[in-house]
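Visitor: I would like to learn how to read a few features of a model. Please take them one at a time.

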Amino acid sequence: MQDKDEGRQTRREFMGRGVRGACMLALGGGIGFLGSRSQGEDSLWQIDPWKCVSCGKCATECVLDVSAVKCTHNYSMCGYCQLCTGYFDFESNALNTGAENQPCPTGAIKRKFVEDPYYEYEIDQSLCVGCSKCVLGCNTFGNGSLFLQVQHDRCVNCNDCAIARACPSNAFERVPSSRPNIQKKV
Amino acid sequence: MSVVRFLFIRSVVVILLTWQTAGAVERFPPPNFETGYAIPEVSQSTARSEVYEYLDVLALLVTLTLITFVAFRYRSRKGIFLIGVFSLAYFGFWREGCVCAIGSIQNIAMALFNTGYTVPLTVIAFFCLPIMFTLFFGRTFCAGVCPLGAIQDVVSVRPMRVPRWLEAGLGTIPFLYLGAAVLFAATASRFIICEYDPFVAFFRMNGSLGMFALGASFLLIGMVVERPYCRFFCPYGAILNLASRVAKWHVNITPSECIQCHLCAESCPLGVIRFPTASADLPVQATPAHLRKKDRRRLVGFLILLPVLTLAGGWAGWELGPEFSRTNARVLLAERIWLEDTQRVEVKSEESAAFRATGASLPDLHKEVLHTVRRFSIGGLLFGSFTGLVLGLKMVFLVVRRRRVDYEINRGGCVSCGRCFDYCPVGKEPSLEMPIQIERAAG
């Protein structure tokens with residue numbers, strides 16, 4: 001009985017050692033395979049502005065209470081229009097900063113007179129909620145110089161981005177952290 | 001500036017639009033400023049420093065080493081608990097639960113089956129390090145390095161025993177969850193582990209009502225049932241369960257020889273302490289002969305059932321594959337476009353409108369989707385076979401009886417939380433606390 005017991009113990013131990021070794025080998029092989037293909041650096045979520053259709057889900061789907069997505073302005077693409085449809089609503093009754101006349105729900109888009117008839121438009125990112133209403137306006141009638149970008153100082157970089165899951169145009173993608181933004185340029 | 005002028009310009013713009021299709025077009029070329037106005041730079045958010053990622057891996061390595069050392073060398077439940085609190089604070093509340101070892105399964109599966117996706121080195125480390133530690137020391141990762149384990153460990157007030165049949169039944173869920181998670185990640189469809197992560201809403205203090213409700217119910221149940229997520233859902237726990245069975249070393253209830261005092265018998269809130277089947281008084285099997293015969297018959301039956309279940313599962317999975325593929329966004333898109341084009345639905349969805357606006361070709365989408373559906377069929381076949389195999393093996397293991405002389409830990413299920421250590425009187429100086437412990441163990 002005693003001998004049989006000992007024999008069983010060593011057999012189990014032997015099998016355990018074999019399985020353990022196989023597991024370590026498999027893990028090592030896996031690391032080697034994936035590691036050789038890895039870029040090493042972390043990946044981040046970003047919006048491809050060319051794919052974005054300004055559906056507004058960035059403002060509502062993000063796990064953060066105020067979305068990590070905010071509007072960015074590429075000034076070099078801007079037409080500096082006096083009549084900016086990102087600044088004024090399509091159907092505005094009067095061209096002033098009344099809440100009913102502006103697409104931006106938080107008044108985050110500010111303008112400054114440059115010279116006649118040009119105005120500079122600036123996004124106050126502390127107010128922006130990423131609803132993309134101004135982006136829609138700018139893309140519909142303007143040059144499309146306003147576009148959405150994930151702000152990495154706010155984004156918690158979820159493994160499974162909730163906005164990416166809901167994005168209708170597949171505009172969310174993982175980018176390497178050395179190139180964290182997808183700029184809109186002409 | 002009048003409204004009339006605005007409407008006029010708008011009509012001009014509409015005319016312009018008929019010439020130029022969507023996208024960024026220079027409808028209004030950037031002006032040549034005369035006042036020396038300098039065009040500002042685009043504001044860009046910079047990526048968080050990579051240092052944090054490396055700090056995470058370092059923290060993982062340090063906490064794993066520390067908790068293993070505390071469990072083996074000091075056998076201190078308090079130490080394990082404190083490391084758990086630290087992990088909960090660091091990996092949970094400060095790093096907000098991403099990326100974790102449990103979720104990393106999906107990144108690894110996705111990277112293995114999709115050449116376009118590359119997995120960061122830190123994620124590989126989060127996947128591999130706990131498995132390596134488990135292969136040598138058992139599931140010390142679960143004890144107090146995993147923030148999901150730690151939060152359940154903290155809220156556990158008065159854990160009660162789960163009946164053995166229920167425990168065995170629910171215990172198969174993690175394996176099936178693991179299979180499903182790999183299937184959906186490998187087909188680049190969904191990350192279901194992250195989608196249904198019960199505690200991430202608490203870690204971020206933010207999230208949908210559903211996520212909070214799920215988390216709250218797990219925490220409430222966790223007050224009376226020890227670690228419900230770890231035992232009955234966690235897919236990473238399923239991997240560690242297997243790894244822990246072949247671990248080189250594992251924490252023991254007793255520091256040296258078991259003296260058969262029975263004090264630890266009821267100490268495990270997870271119910272993974274197995275009772276002796278024989279003792280010095282009962283040298284042969286404690287199970288009566290007729291029961292053993294019945295078990296043997298059952299075993300033969302289950303062994304025959306095992307390949308049947310595997311094949312049936314595989315067939316069911318193959319058949320259900322196309323149905324599973326409807327979780328994939330591209331498949332849903334193709335289906336929606338077909339519904340719209342054949343006038344089966346009236347309203348155009350945002351997704352289909354966005355796809356049409358890109359001008360991408362429909363045959364290409366169909367090709368891609370057919371490829372995905374085929375992958376789902378094959379994945380479904382594998383997932384189904386795996387499901388059948390898991391259920392079959394579970395039944396086989398239920399009727400296999402091993403002879404045990406001592407109280408032993410079921411290494412697969414044990415998370416090395418260290419609660420049983422204090423119950424073992426071996427090697428302890430008799431102290432004032434001892435009667436209380438004995439009382440607790442008995443009651």
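Guide: Start with strand pairing: two strands pair if DSSP finds at least two bridges between them. Helices (H or I, at least four residues) and strands (E, at least two) are DSSP runs, numbered from the N terminus. This is a predicted model, in which local features need pLDDT of at least 70, side-chain atom pairs count only at pLDDT 80 or more, and totals for chains, interfaces and linings use all residues. Residues are numbered from 1 along each chain as its sequence is written, and chains are lettered from A and ligands numbered from 1 in the order in which they are written.

Visitor: Which residue of E6(A) does A:Trp45 stand opposite?

Guide: A:Trp45 faces A:Arg174 in E6(A). The strands concerned, E1(A) and E6(A) (residues 172-176), pair in the antiparallel sense over 5 bridges.

Visitor: Which residues of E1(A) are buried on each side?

Guide: In a regular strand the side chains alternate between the two faces of the sheet. A residue is buried if 20 or more other C-beta atoms lie within 10 Å of its own, exposed if 12 or fewer, and partly exposed in between, with C-beta atoms placed from the backbone. On one side of E1(A) the buried residues are A:Ser43, A:Trp45 and A:Ile47, and on the other they are A:Leu44 and A:Gln46. Strand E1(A), residues 43-47, thus has 5 of its 5 residues buried.

Visitor: Where are the backbone exceptions?

Guide: Most residues other than glycine have a negative phi, and most peptide bonds are trans. A:Ser54, not a glycine, has a positive phi of about 55 degrees; this residue lies in the loop between E1 and helix H2 (57-61) of chain A. B:Gln260 also is a residue other than glycine with a positive phi, near 55 degrees, and sits in the loop between helix H14 (235-245) and strand E1 (273-274) of chain B. The peptide bond from A:Asp116 to A:Pro117 is cis, with omega near 0 degrees, and A:Pro117 belongs to the loop between strands E3 (109-115) and E4 (118-123) of chain A.

Visitor: Is A:Ser54 buried or exposed, and is B:Gln260 buried or exposed?

Guide: A:Ser54 counts as buried because it has 22 C-beta neighbours inside 10 Å. B:Gln260 has 12 such neighbours inside 10 Å, so it counts as exposed.

Visitor: How should I read a helix such as H16(B)?

Guide: An α-helix has 3.6 residues a turn, so residues three or four places apart point the same way. In H16(B), B:Val331, B:Leu333, B:Ala334 and B:Ile337 are buried. Seen down the helix axis, the buried residues of H16(B) fall within an arc of 160 degrees (taken from the directions from the axis to the C-beta atoms), so they line one face. Their cover includes helices H17 (350-358) and H18 (362-399) of chain B, where contact requires C-beta atoms, placed from the backbone, within 7 Å.

Visitor: How many residues does each chain give to the contact between A and B?

Guide: Chain B gives 59 residues and chain A gives 59 residues. On the side of chain B that touches chain A, the largest share, 7 residues, comes from H5(B). That side has 35 nonpolar, 12 polar and 12 charged residues. Here Ala, Val, Leu, Ile, Met, Phe, Trp, Tyr, Cys and Pro count as nonpolar, Asp, Glu, Lys and Arg as charged, and the others, Gly among them, as polar.

Conventions:
Two residues are in contact if their C-beta atoms, placed from the backbone, lie within 7 Å.
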